[in-house]
Amino acid sequence: MFIIYTSSAGSGKTYTLSKEYLRLALGVDPQSSTFNPQYFRKILAITFTKDAAKEMKQRVLGKLLAFTENKDLFLQQELCQALGISLQELQQRAKLVFQQVIYHYSDFAVSTIDSFNNRLIAAFTQEINIPMNYQLDMDVESLTNNAADRLIAQLGEKDKEEITEFVLNFVIDEIREGSSWKDLHKKLSEYTKNLYKEESRPIAHKISQRKLKDYSSVIADLKSFLKVFKRSLKVKKEAFLEIIADNHLKLDDFSQGSKGLPTFINKLNLLEAGKLDKDLFNSYVLSMFKEQKWYAQKSKKASIIDGISEDLGIILRAIYDEWE
């Protein structure tokens, strides 16, 4: 029997899958029809990323320990109902499974797809005729350079008009933004490297399912969105700076001096220029409008800042909501 869960980002996939894992681990072994505290060794959980695998392991172990301490009653009751056992029986099973997971942690099989495939290959090295001491080497530099070479080699060829036009439009956009078209190979290679990052794999999979002609409309929509987004942030930034200037204040009059608002405004300027590659908000700026920490205790401008902090906070909150 296959059970398929469809969900979007942040909708509780890890919780649902962890609960399903616990239901299997705390249930009966199908082969013996009795509870087996080592049945978890027969369960395989596969995720996309190492972070997701780590989170799921922590979630499962954390819930098992919580059950032994009579915590998380809601989840306990859900599992009791699904397994048809009492709360006391569930807690006893959780204790035994937790102990066995700790004793046999290497058999706690929650891993990434890559790790699973690697273990599978290692078990059949003789059958597929590869050395037993083989090593996996992901030379991303060579892969991306070769991919860029192959793409550029197709430009201008017969039956490659669609690719040629797409790359030509890319070059034109780069020139319009003040970049050199001579960096085409480097930029194509750099963009491709992002697809090899672990966190990019779900996105790369979706990209592979689209056709090249789909991207023209997607890029146009994205450009339109970014134009409106940047304009909106610029208007808010100017309103923010105007309030400060009208009250004869400077950015470094606020909490943390140059590390606070000056850094934030500089990042907004970089964002407008399309160069921001880090988080827009740091902890100092977040604490201003979230915790009302606008100035140092000994600030000589405290009374003036108090008078405008509400207006400034509204603008910062609006920028934060739009950024997030």
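Analyst: At least two residues of the lining of the largest pocket come from each of α6 (140–154), α7 (161–176), α8 (184–194), α9 (201–208) and α10 (212–246); helices are DSSP runs of H or I with at least four residues, numbered from the N terminus. This is a predicted model, in which local features need pLDDT of at least 70 and side-chain atom pairs 80 or more, while totals for linings use all residues. Residues are numbered from 1 along each chain, and side-chain values use heavy atoms, without hydrogens and water.

The largest pocket holds about 2500 Å³ of space. A pocket is an open set of points on a 1 Å grid where a 1.4 Å probe fits, with protein on both sides within 12 Å along at least five of seven lines; lining residues have an atom within 4 Å of a point. Its volume is the space filled by probe spheres set on the points, which are joined across faces, edges and corners. Of the 50 lining residues, Phe166, Phe170, Tyr191, Ile219 and Leu222 are the closest to the centre. α10 gives the largest share of the lining, 14 residues.

α10 also packs against helix α11 (residues 261–272) at an angle of about 150°, with axes 10 Å apart; axes are lines fitted to C-alpha atoms over the stretch in contact, and angles run from 0 to 180 degrees between N-to-C directions.
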